[in-house]
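Student: Could we go through this protein together, starting with how far the model can be trusted?

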Amino acid sequence: ILLSALKLIEMKGFRDGFLIVFLSFFILFGNFLYSQDISTMIMMLLGIIFGTAVLLRINYGTGIQLGSGTILRRVIRFILLSLPLMLVLFLFFPRFPTALSLMEEADHNRQKAISGFNDRLTPGSFAELAQSNQPAFSVEFQQGRMPRQQDLYFRGNVLWHTNGRLWRPGVFAYSYNRSYIYRQNDGIDHTITMEPHNRHWLFALDYPVVIRRADFILPGQVYRTRFRVKEKLRYVVTSRRILSGRKDRLRPQEKVNGLQLPHDWQSPILRLGQEWKAAASQPSEIIDMGLRYFKENGFIYTLSPGQMNPYAPLEDFLFNQKRGFCEHYAATFCLLMRSAGVPARVVVGFQGGEYNNIGDYLQLRQSDAHAWCEVWLKDRGWIRIDPTRTVAPERILYGAAINRQIEQSGQDNRSEALNSARRQTFFKRVSVYFNYFWDNINRKWDQWVIMYN
């Protein structure tokens, strides 16, 4: 852009004018390396129209006087005549990745900034993500079989290993994905259109049993692709309707990882878990003790839990602060269960979403990121336990957006804040309608234009 502007200083003839216009076309094309949404396309089309008008005016020279309206009409006619060639190129010209080599590092940093998900979980890692309105993925449910809001858990990653502060997946051998047909009646078929996140994982409604676009599967039904997802990806998933009730066998390696605790870890969390183990006759009673502890001891679900002890953040949260986000509750609950001898693991993904009734799909944003816990019971397999639901049921029942409005209201009475957040005024309904309408247009543009291959 700078060099093109400097070129204007030394313009002497028609050739320089043509060169400036061609450089302008090149600059316009460069915008599509950063964004290919419909608003960018409209702006670039306007730029092409005016650039072509300048090119046409230069071509006529100084001897012919034409009005601006006449030139613009001729330019639009030229563009309409070029549409058949544009269509042929669109249908048959090979597609190239958006992130070229010169932009790959910048693209990686940008996606890391908006995605927030990685292979690590620390207390506070989801708090900034909860403020982001960036889209994560959208979901279409076949035959209108969308589960209830409180059942919309989308699995992304399973974390097994911890040092008391940091959680990570652990070391497992990959197994190749062998797709099969799931024939039980409780299967839910859905199609996910995922935004690029520059990682390998695929999100799916809990509990996924078939993802045909996946290349590998990790323990915990974690699906992976061979390549980083750098472009929008669309894939079909089949999930089980009910997570519990499965008779899976707990593999020895999973049992070891599900009970792993930090080496030489002397923590009040460990002592509390051992007290529950001594007082309970079966694992289900230990789970009830853990949920009851969060419910009866004044815990608060908040996006701004404040500063905690950097050397023992979970102990500080559990026994002192008692204010935390979903990852605080999930990580602490898993440590308590492991301390009591119950195999447990942290699952990160998304929960909830916003249903777009115009396009008939569910839109999930980065603010819907969530962490929960799964524990192993002998006759039931891995079952989902979400301690966040015990502390802040409105987050699960009504979604992250409603919960954020409740917290921003500053009201002490969460019931009144919930009613206020759910109240639909005329202007709010109009705003929601136009937002849904524009989101649906952008989604169709992505589906039928950008993702065409």
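Tutor: pLDDT is the predictor's confidence in each residue, from 0 to 100. This is a predicted model, where local features need pLDDT of at least 70, side-chain atom pairs count only at pLDDT 80 or more, and totals for chains, interfaces and linings use all residues. Residues are numbered from 1 along each chain as its sequence is written, and side-chain values use heavy atoms, leaving out hydrogens and water.

Student: What pLDDT does the protein average?

Tutor: Residues scoring at least 70 make up 88% of the protein. Helices here are DSSP runs (H or I, at least four residues), as are strands (E, at least two), numbered from the N terminus. The protein's average is 84.

Student: How do α7 and α9 cross: oblique or roughly parallel?

Tutor: Their axes, lines fitted to C-alpha atoms over the stretch in contact, come within 9 Å. The crossing is roughly 55 degrees, on a scale from 0 to 180 degrees between N-to-C directions. Under 35 degrees counts as roughly parallel, over 145 as roughly antiparallel, 65 to 115 as roughly perpendicular and the rest as oblique. Therefore α7 is, relative to α9, oblique.

Student: Which residues of α9 make the contact with α7?

Tutor: On the α7 side are Pro-268, Ile-269 and Leu-272. From α9 come Leu-314, Glu-315, Leu-318 and Phe-319.

How values were computed. Contact means heavy atoms within 4.5 Å.
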